[in-house]
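Please open the model in your viewer and keep the selection panel at hand, since this tour moves from the whole chain to the ligand.

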Amino acid sequence: MARDVIIACDFASKEETLQFLDQFTGRKPFVKIGMELFYAEGPSIVREIKARGHKIFLDLKLHDIPNTVKKAMAVLSGLDVDICNLHAAGTKAMMKAALEGLTRPDGTRPLLIAVTQLTSTDQKTMEQDLWIEKPIDQVVMHYAKNAQEAGLDGVVCSPLEAGKVHDVCGAAFLTVTPGIRFADSAADDQRRVMTPAKAREIGSDYIVVGRPITQAADPVAAYERCMKEFVG
Ligand code: C5P
């Protein structure tokens, strides 16, 4: 799998998003569309960005009973996204159903990756709120293995976990990692950050980068810098 930089298009509207993407003349960055933009604009935003030639990671983190997730995934597959995701906490049965829903009649499908534990969840909240008492790194690896056993393609994880996920699940199992910052940029609300170069060294397959690109004075230059550090 080729390494790539995915820009998190965390904008509130279609206008803002397209204005942002218009700056990339001659380049078609891989973009992530999250809940805010998707719920504001609906499937048409996916169709429009896709029609402009971008690859799309649709980050909707599905989590429901298997049959509901299967049917929802069939709809997302019809949108021709490249990557979509769900919560591994929904169980292996849910993940398997999701894969069935995603698979088109011709056998093709978008990549499907799992969220293990959100990076906003720490050991304390996992124990207190979720009543999960194992060490969080073991929980993340267990959920990654569940995702692999269900047939998924990879996980979203902290870049600090990417190496371990590859050790446990193999090098072909994808790691998609947010929490990326340039050595000289602000961490914002991200607690544990890593540079694109370090993420490459550790073996991340895709990095998801938001504010260091979207809020940069020159977003195209920031994207090119990211590509150079991460892809080479
Ligand atoms: O602006 P920034 O680079 O922090 O954006 C990172 C993106 O990755 C955001 O869209 C955020 O929601 C997402 N994300 C994350 N941490 C996770 C999962 C997703 O930062 N564990």
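Begin with the chain coloured by secondary structure, where there are 11 helices and 8 strands, taken as DSSP runs numbered from the N terminus (helices are H or I with at least four residues, strands E with at least two). This is a predicted model, in which local features need pLDDT of at least 70 and side-chain atom pairs count only at pLDDT 80 or more, while totals for chains, interfaces and linings use all residues. Residues are numbered from 1 along each chain as its sequence is written, and side-chain values use heavy atoms, with hydrogens and water left out.

Zoom out next, and the C-alpha trace of the chain spans about 45 × 40 × 30 Å along its principal axes.

Now select the ligand together with the residues that surround it, among them A8, T119, P178 and Q190. Two elements, β8 (206-209) and α10 (211-214), each supply at least two residues of this shell.

Which polar side-chain atoms lie by an oxygen atom of the ligand? Select D10, where a polar side-chain atom lies 2.7 Å from a ligand oxygen, and then K32, whose side chain has an N or O atom 2.9 Å from an oxygen of the ligand. Finish with R211, where the distance from a side-chain N or O atom to a ligand oxygen is 2.7 Å; a polar contact here is a pair of N or O atoms within 3.5 Å.

Definitions and conventions: Near = heavy atom within 4 Å. Polar contact = N/O pair within 3.5 Å; in protein donor to acceptor, adjacent residues only side chain to side chain.
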